[in-house]
Amino acid sequence: MRTLTAALTLVAATPFLAPAIPNAFGTPHAVSTAARHTAHEMTIYARDFAFDAPDTVPAGITTIHLINKGAELHHVVLIRLSGGHTMADLGKAMASNGPPPKWATSVGGPNAPVPGGNASATLHLAPGSYAIVCFIPSADGVAHVMKGMSRPLTVTGPDVVGPLPKSDVTVALVDYGFNVSRPFVAGHQVVRIHNAAMQDHEMFIVRLAPGKTVQDLTAWSEKMVGPPPAMPLGGVTALAPGQENEISVDFTPGQYGLVCFMPDMHDGKPHFAHGMTKAFTVS
Ligand SMILES: [Cu+2]
């Protein structure tokens with residue numbers, strides 16, 4: 001069990017522990033919300049520690065809404081299981097400490113909003129078997145997936161292939177950074193995030209507390225001492241190479257940051273340690 005936990009944490013954890021005090025991050029509000037006019041909508045409720053979600057949804061462009069009803073941070077990582085593989089196979093594969101198996105593809109989903117808040121992401125869901133997983137660890141170091149936060153999802157055909165809604169800004173995830181097509185501005189904008197690298201990456205969005213930096217956040221995430229220096233605003237979770245998701249953001253003036261907590265395929269260090277952060281100001 002310890003091995004599996006460690007492996008899961010190593011493979012895909014966001015080492016960003018939940019606040020000791022509920023809502024220590026501040027007042028819940030949605031900043032990362034759904035792109036509009038999508039074909040399908042799906043709502044996933046996160047609790048401490050389980051997901052409530054449909055068992056089956058139709059294929060196509062889908063906006064996934066994550067509503068966090070828990071006191072801890074939760075996100076949704078959608079993993080497509082091909083070749084008849086099951087969630088049990090996924091657990092076993094991750095316990096082997098190797099790289100993610102070829103038949104398990106991370107296709108993203110909404111990253112963590114503030115506890116009590118919500119976040120959304122829009123993506124193309126192809127027919128098949130999926131696992132919905134939360135890899136965020138609690139203060140005890142145990143990833144939520146080990147406390148029951150995983151559930152299967154079946155996407156039924158026929159496939160409906162179409163473009164994602166028109167975007168205003170594009171972010172390419174690369175080793176190791178966020179290549180943003182144009183500066184973020186105040187107000188609403190649709191952001192398309194695609195992984196242009198050869199390994200999985202995520203984009204976690206935070207609003208920095210006054211005087212705090214992204215480095216304060218990554219340092220804080222290691223030990224969780226004192227109040228968090230930033231408020232989580234969603235984003236997108238692990239995307240395999242070539243995958244893309246879209247989100248809407250509605251920024252007010254302030255200081256923000258983008259962070260990738262994914263472990264590196266070569267040395268296992270979180271990507272922020274390789275420089276995969278970006279600070280920006282919205283004025
Ligand atoms: Cu990364």
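The model is predicted, so keep the ground rules in mind: local features need pLDDT of at least 70, side-chain atom pairs count only at pLDDT 80 or more, and totals for chains, interfaces and linings use all residues. Residues are numbered from 1 along each chain as its sequence is written, and side-chain values use heavy atoms, with hydrogens and water left out. Helices (H or I, at least four residues) and strands (E, at least two) are DSSP runs, numbered from the N terminus. "Buried" is under 20% relative accessible area, "exposed" is over 50%, and "partly exposed" is in between, using a 1.4 Å probe and protein chains only.

**Copper site**

- The copper ion is held by three donors, His201 (ND1), Cys260 (SG) and His271 (ND1), at 1.9 to 2.2 Å.
- A donor here is an N, O or S atom within 2.8 Å of the metal (3.2 Å for Na, K and Ca); water is not among the atoms, so sites may look incomplete.
- Along the chain, the donors of the copper ion are spaced as H-x58-C-x10-H.
- Histidine 201 sits in strand E14 (residues 201–208), while cysteine 260 is in the loop between strand E17 (254–259) and strand E18 (277–282); the pair is 59 residues apart and links distant parts of the chain.
- Histidine 201 and cysteine 260 are both buried.

**Cysteines**

- Cysteine 260 counts as buried because its relative accessibility is 0%.
- Cysteine 134 is also at 0% relative accessibility, so it counts as buried.
- Searching the whole structure turns up zero disulfides, where a disulfide would be a pair of cysteine sulfur atoms within 2.5 Å.

**Second largest pocket**

- This pocket holds about 230 Å³ of space, with grid points joined across faces, edges and corners and the volume taken as the space filled by probe spheres set on the points.
- On a 1 Å grid over the protein atoms alone, a pocket is an open set of points where a 1.4 Å probe fits, with protein on both sides within 12 Å along at least five of seven lines; lining residues have an atom within 4 Å of a point.
- The second largest pocket has 16 lining residues, and Val107, Leu123, His124, Gln243 and Glu244 are the ones nearest its centre.
- Strand E7 (104–108), strand E8 (118–125) and strand E16 (244–251) are the elements that each give two or more residues to that lining.
- Sorted by class, the lining comes out as eight nonpolar, six polar and two charged residues.
- In that count Ala, Val, Leu, Ile, Met, Phe, Trp, Tyr, Cys and Pro are nonpolar, Asp, Glu, Lys and Arg are charged, and the others, Gly among them, are polar.

**Helix faces**

- Helix H2 (residues 87–95) buries Leu90, Ala93 and Met94.
- Those residues lie on the same side of H2 because they cover an arc of only 95° around the axis; the arc is that of the directions from the helix axis to the C-beta atoms.
- In helix H3 (residues 214–223), the buried set is Val214, Leu217, Thr218, Trp220 and Ser221.
- They span an arc of only 160° around the axis, so they fall on the same side of H3.
- Exposed Glu222 and Lys223 are on the face of H3 turned away from its buried side.

**Cis peptide bonds**

- Aspartate 48 and phenylalanine 49 are joined by a cis peptide bond with omega about 10°.
- Phenylalanine 49 is in the loop between strand E2 (40–47) and strand E3 (50–52).
- From glycine 157 to proline 158 the peptide bond is cis too, with omega near 0°.
- Proline 158 belongs to the loop between strand E10 (150–156) and strand E11 (169–174).

**Pairs across the sequence**

- Tyrosine 130, in strand E9 (residues 128–133), is buried at 3% relative accessibility.
- Tyrosine 130 and threonine 86 are 44 residues apart in sequence and 8.4 Å apart in space, C-alpha to C-alpha.
- Threonine 56, in strand E4 (residues 56–58), is partly exposed at 45% relative accessibility.
- For threonine 56 and proline 152, the separation is 96 residues in sequence and 8.9 Å in space, C-alpha to C-alpha.
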